[in-house]
Amino acid sequence: MPSKEQLAEQLDPGSCVLLTVECQQGVVGPASALPELAEEARSSGALRRIARLVAAAHEAGVQVLHAVAERRPDGRGANSNARLFRAAGRLPVQQLSGTTAVRIAPPIEVADEDLIVRRLHGLSPIAGTDVDALLRNLGCRTLVVTGVSANVAVPNAVFDAVNLGYTAVVPSDAIAGVPAEYTPAVIRHTLALVATVTTTDEVLGCWPSRRRARG
C-alpha cells in the first residue's frame, strides 16, 4: 500500500480520471442480463460506492469517464470468437445501442462534463476504443478503475491502462464479480501486482470538494 502522501499524489484531481466500467442498467440494474452479477454489485455495496466516487469526482473537478458495452441490433461488428460472446448473444436482455439497457444505472449520476465511451466489440473498455486518446488529451496520469466485472472487464481495463503507461488505482470495494469470493482473490493475486489497491474512503479523502473550499 502507498503512503497517504503517495496516494494523494497519484489521485491529484488535475491528472487523474475516474473510470466506471459497464455500470449500465442492462448489467447492474434491476432488469440485468446478468442477475447474479447485478445482485452482487448491489448487495456488496460496490454500486453505491461507485456512485459516491462519481459524486465526489464531480465536486473535486476529477474527470469521470463511463465505459459502456453495447451491440447493434443486427450484431454487426460484435465478437463471436469466445464462449462469453456467444452466451451473451442468447441472453433475454441485450445491451442494444439506444436502449435503456445501455444507460448508466442509478444511483450513479451522470454530469454534463462526463465522457461516455461506447464499444461494440471486445472485452476491454480501453483497447480499441477512444479511451486512451481521451485520457492523453486530458493530461491523465492515473486511472481510477471501478465497476464490473472483476472476472473480465475490470482486469482488462487495469492491464491495458498499465500497458499504456498510466498508473492504475483500484478501490477494492468499488468493483464486483461472481462468485463473491472471486473478487478479493483476483485483487490479491492479480490486480495488486500491477495496480495501487485502495478503498473508496481513502480515495474520497484525497479529493477535496471545490464547493466546500469555496464556502
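## A strand tucked inside

Strand 5 (residues 167-171) is largely enclosed by the rest of the structure, because 4 of its 5 residues are buried. Here, buried means under 20% relative accessible area, exposed means over 50%, and partly exposed lies in between, using a 1.4 Å probe and protein chains only. Helices (H or I, at least four residues) and strands (E, at least two) are DSSP runs, numbered from the N terminus.

This is a predicted model, in which local features need pLDDT of at least 70 and side-chain atom pairs count only at pLDDT 80 or more, while totals for chains, interfaces and linings use all residues. Residues are numbered from 1 along each chain as its sequence is written, and side-chain values use heavy atoms, with hydrogens and water left out.

## The neighbours of strand 5

Which strands pair with strand 5? Strand 4 (residues 142-148) pairs with strand 5 in the parallel sense over 3 bridges, and strand 7 (residues 196-198) also pairs with strand 5 in the parallel sense over 3 bridges. Two strands are said to pair if DSSP finds at least two bridges between them. Val 169 is a handy residue to look for: Val 144 stands opposite Val 169, and Val 169 stands opposite Thr 196 in strand 7.

Strand 4, helix 7 (residues 153-163) and strand 5 make a right-handed β-α-β unit. A crossover is right-handed if, with the strands pointing away from the viewer, the path from the first strand over the helix to the second runs clockwise.

Strand 2 runs parallel to strand 3 (residues 115-119), with 5 bridges joining them; Ala 67 stands opposite Val 117 in strand 3.

Strand 1 (residues 16-21) is joined to strand 2 by 5 bridges, and they run parallel. Strand 1 is also joined to strand 4 by 6 bridges, again in parallel. Thr 20 shows both links: its bridge partner in strand 2 is His 66, and Thr 20 stands opposite Thr 146 in strand 4.

A disulfide is a covalent bond between the sulfur atoms of two cysteines. How many disulfides does a search of the whole structure find? The search finds 0, where a disulfide is counted as a pair of cysteine sulfur atoms within 2.5 Å. The sulfur of Cys 16 is 7.0 Å from the closest cysteine sulfur, in Cys 140, which is too far for a bond. Cys 16 counts as buried because its relative accessibility is 3%, and Cys 140 counts as buried at 8%.

## The whole chain

Stepping back, the chain has 10 helices and 7 strands. Its radius of gyration is 16 Å, close to the 17 Å that the globule rule gives for 215 residues, so the chain is as compact as a globular protein of that length. That radius is taken over C-alpha atoms, and the rule is 2.2 Å times the number of residues to the power 0.38. Along its principal axes, the C-alpha trace spans about 50 × 35 × 30 Å.

Buried residues make up 47% of the 215 residues in the chain.
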